[in-house]
Amino acid sequence: SKSSEEIKQQNSELSEKVHSLVSQNSAMKLDMEDLHKKLEMAELMIQQFSSQAGSLDANQQLQMALEEKASLETQVTQQLSESLHQLQAERDQYVEKLKEERSVWQQRVQQLSEQVHTMAEEKDKHMAQIRELEANVTEL
């Protein structure tokens, strides 16, 4: 029961960690949505400036908008990649922890199974002794 309590506590800690990661993931999603909105705004500006052909300022603004779009796309890609790597690493850690716990439980089940088998053998041995003693008592 002590090891069971320890494992329950570890599971609880891991659950809290997963909860925290889910919260972080949600925050990152919100950041990504903001970046997507900025990207859409930049694309709208590009469309507006593209329709206004001619002036040097419009061309400069178009170039700036294109650069901002490329920058935002790079940021979104980086954030997605970092989030993915972080979540994969944490998932792998969680899987490894679960494998370790599974191994511990399998060992414990094996030990208990061996104890049950040993006790069954002892019971059979004791029952044979009892029958032998009863036979001796009857004979006496």
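The questions below go from the whole chain to single residues.

Mentor: This is a predicted model, where local features need pLDDT of at least 70, side-chain atom pairs count only at pLDDT 80 or more, and totals for chains, interfaces and linings use all residues. Residues are numbered from 1 along each chain as its sequence is written, and side-chain values use heavy atoms, with hydrogens and water left out.

Trainee: How many helices and strands does the chain have?
Mentor: Helices (H or I, at least four residues) and strands (E, at least two) are DSSP runs, numbered from the N terminus. Helix H1 covers residues 2-51. Helix H2 covers residues 56-139. The count is two helices and zero strands.

Trainee: Why is the chain called more spread out than a compact globule?
Mentor: The radius of gyration is taken over C-alpha atoms, and the globule rule is 2.2 Å times the number of residues to the power 0.38. For 140 residues that rule gives 14 Å. The C-alpha atoms fill a box of roughly 125 × 15 × 15 Å along the principal axes.

Trainee: What share of the 140 residues counts as buried?
Mentor: Buried means under 20% relative accessible area, exposed over 50%, and partly exposed in between (1.4 Å probe, protein chains only). By that cut-off, the buried share of the chain is 13%.
The answer is 13%.

Trainee: Is Met 32 buried or exposed?
Mentor: Met 32 lies in helix H1. Contact means heavy atoms within 4.5 Å. Leaving out residues up to four places away in sequence, Met 32 touches Gln 79 and Leu 80. Its relative accessible area is 16%, so Met 32 is buried.

Trainee: How far apart in space are Asp 34 and Val 76?
Mentor: Asp 34 is also placed in helix H1, and is partly exposed at 42% relative accessible area. Asp 34 and Val 76 are 42 residues apart in sequence. From C-alpha to C-alpha, the distance is 9.9 Å.

Trainee: What separates the C-alpha atoms of Glu 67 and Lys 97?
Mentor: Glu 67 sits in helix H2. With a relative accessible area of 47%, Glu 67 is partly exposed. Lys 97 is 30 residues from Glu 67 along the chain. Their C-alpha atoms are separated by 45 Å.

Trainee: Which feature does UniProt place at residues 79-140?
Mentor: The span is 98% helix and 0% strand, and its end C-alpha atoms lie 90 Å apart. UniProt annotations may be inferred rather than shown by experiment. The unreviewed entry names the feature "domain: Golgin subfamily A conserved".
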